[in-house]
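Me: I would like to learn how to read a few features in this model. Could you take me through them one at a time?

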Amino acid sequence: MSIFSKYEGLASALASVTAGGGRNPFDVVIEKPISSTVGLIEGRETLLFGTNNYLGLSQSPAAIKAAVAAAEAYGVGTTGSRIANGTQGLHRQLEERLCAFFRRRHCMVFSTGYQANLGTISALAGKDDYLLLDADSHASIYDGSRLGHAQVIRFRHNDADDLHKRLRRLEGTPGAKLVVVEGIYSMMGDVVPMAEFAAVKRETGAWLLADEAHSVGVMGEHGRGVAEADGVEDDVDFVVGTFSKSLGTVGGYCVSNHAGLDLIRLCSRPYMFTASLPPEVIAATMAALTELENRPELRTRLMDNARRLHAGLQAAGLRTGPQASPVVSVILDDVAVAVAFWNRLLDLGVYVNLSLPPATPDQHPLLRTSVMATHTPAEIDKAVGVFATIAREMGLNRAA
């Protein structure tokens, strides 16, 4: 028996997606980024609407300059984990910068955003605790729950009343209760009603962790995320996020005012047993953070672009999520149609993400776009025009 036999169903599903010479949507190669908004794919200049590069900072000249200088001064890697030889002065500087940015006293920097959720959640919620998770939580959140062996209770997506009912059933039950929500959900781009969840947290005595991966740099007067925008930062015990979205690099973090966070350095396995971020990434991240702080106009432009894309796709007769955010998904009913639509988009020079069940809410296939502050109105209108053309070709335009 082959060790890969358990994946026969997966192989069959992939074969159906690539049937008839179609591309593998999970193996697209951006041969060269020409700018933050344009890349070379299959030898053609292609508009990038699927990169999560919300502020366009992956191409920041200041971040590039900082990365080069750090590599020359410190070398290109640490060769060790944070609790061995992998903590350099730059790592501490970044943690201090993040504490100041979020107005928190404690910070841990992880090597990826995935590991930030995995390492924080698994260490906070152990086998005698309860994790209350939004039904649409990211895979890293669910994986963190498995690593920590906490008892998992799911509540309806963005439904604070349903969370409240489930917490009331746990009254008097031993063990900590940790609620995990996301600021902006990565598939549909919908925003959490953070103030409602903060109210439930206060009333029940639960702990609250917000994964602001897609909302830092996007929401709030200073870009600290939905908790800032809703005025409830003091009610959020832990903020987890990533550098790979608005900051344009790679890595993750957890910030908190609870001193116990520092103990997690000694028991979080994804933190303890992974090599730390290389100096050039740390330096580039700090430079990008400075731009995020000093250029609030990027957030304004980003949300203007999000509204333009969202409205344009709706005007083209396509079904989208209920609100404009940097993630705007076109919802389709049939996987084969979604695959054909995605291939046609790439043919016509627009790259988006193809998201398929079971990784999507309500089992609908999605054409997931992410918009940037650096997209021009002309680039957005061109992408909308391509969507509209394909929708007409495929007979998918809904009545206006």
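**Salt bridges, core and open spaces**

Reply: Glu 42 and Arg 23 form a salt bridge, with 2.6 Å between the closest N and O atoms; the term stands for a side-chain nitrogen of Lys or Arg within 4 Å of a carboxyl oxygen of Asp or Glu. Glu 42 sits in the loop between strand 2 (38-41) and strand 3 (44-48) and Arg 23 in the loop between helix 1 (8-17) and strand 1 (32-33), so the pair ties together parts that are 19 residues apart in sequence. Helices (H or I, at least four residues) and strands (E, at least two) are DSSP runs, numbered from the N terminus. This is a predicted model, in which local features need pLDDT of at least 70 and side-chain atom pairs count only at pLDDT 80 or more, while totals for chains, interfaces and linings use all residues. Residues are numbered from 1 along each chain as its sequence is written, and side-chain values use heavy atoms, with hydrogens and water left out.

Me: Is Glu 42 buried or exposed, or in between?

Reply: Buried means under 20% relative accessible area, exposed over 50%, and partly exposed in between (1.4 Å probe, protein chains only). Glu 42 is partly exposed at 38%, whereas Arg 23 is buried at 17%.

Me: How many salt bridges are there by this rule, and where does the pair of Arg 166 and Asp 162 lie?

Reply: Side chains of opposite charge can pair when their charged atoms come close. The count here is 24 salt bridges. Arg 166 and Asp 162 form one, at 3.0 Å between the closest N and O atoms. These two are 4 residues apart in helix 6 (residues 160-169), about one helical turn. Arg 166 is partly exposed at 23%, and Asp 162 is buried at 5%. Salt bridges that share partners also join Arg 82, Arg 92, Glu 95, Asp 262 and Arg 265 into one network.

Me: Next, the core. Which residues of the largest nonpolar core touch the most other members?

Reply: In soluble globular proteins, nonpolar side chains tend to be buried together. A nonpolar core is a set of buried Ala, Val, Leu, Ile, Met, Phe, Trp, Tyr and Cys residues joined through side-chain atoms within 4.5 Å. The largest one has 94 residues, and Leu 98 and Leu 367 touch the most other members. Helix 13 (residues 377-393) gives this core its largest share, 8 residues. Another core lies apart from it, with 19 residues, including Phe 110 and Leu 131.

Me: And the open spaces: what is the volume of the largest pocket?

Reply: On a 1 Å grid over the protein atoms alone, a pocket is an open set of points with protein on both sides within 12 Å along at least five of seven lines, while a cavity is a set where a 1.4 Å probe fits but cannot get out; lining residues have an atom within 4 Å of a point. Grid points are joined across faces, edges and corners, and a volume is the space filled by probe spheres set on the points. The largest pocket holds about 900 Å³. Its lining has 35 residues, and those closest to the centre are Met 187, Leu 356, Pro 358, Ala 359 and Thr 360. Helix 1 contributes the most to this lining, with 5 residues.

Me: How many cavities of 30 Å³ or more are there?

Reply: The whole structure has 3 of them, and the largest cavity contains about 70 Å³ of space. Among the residues lining this largest cavity are Arg 82, His 91 and Phe 110.
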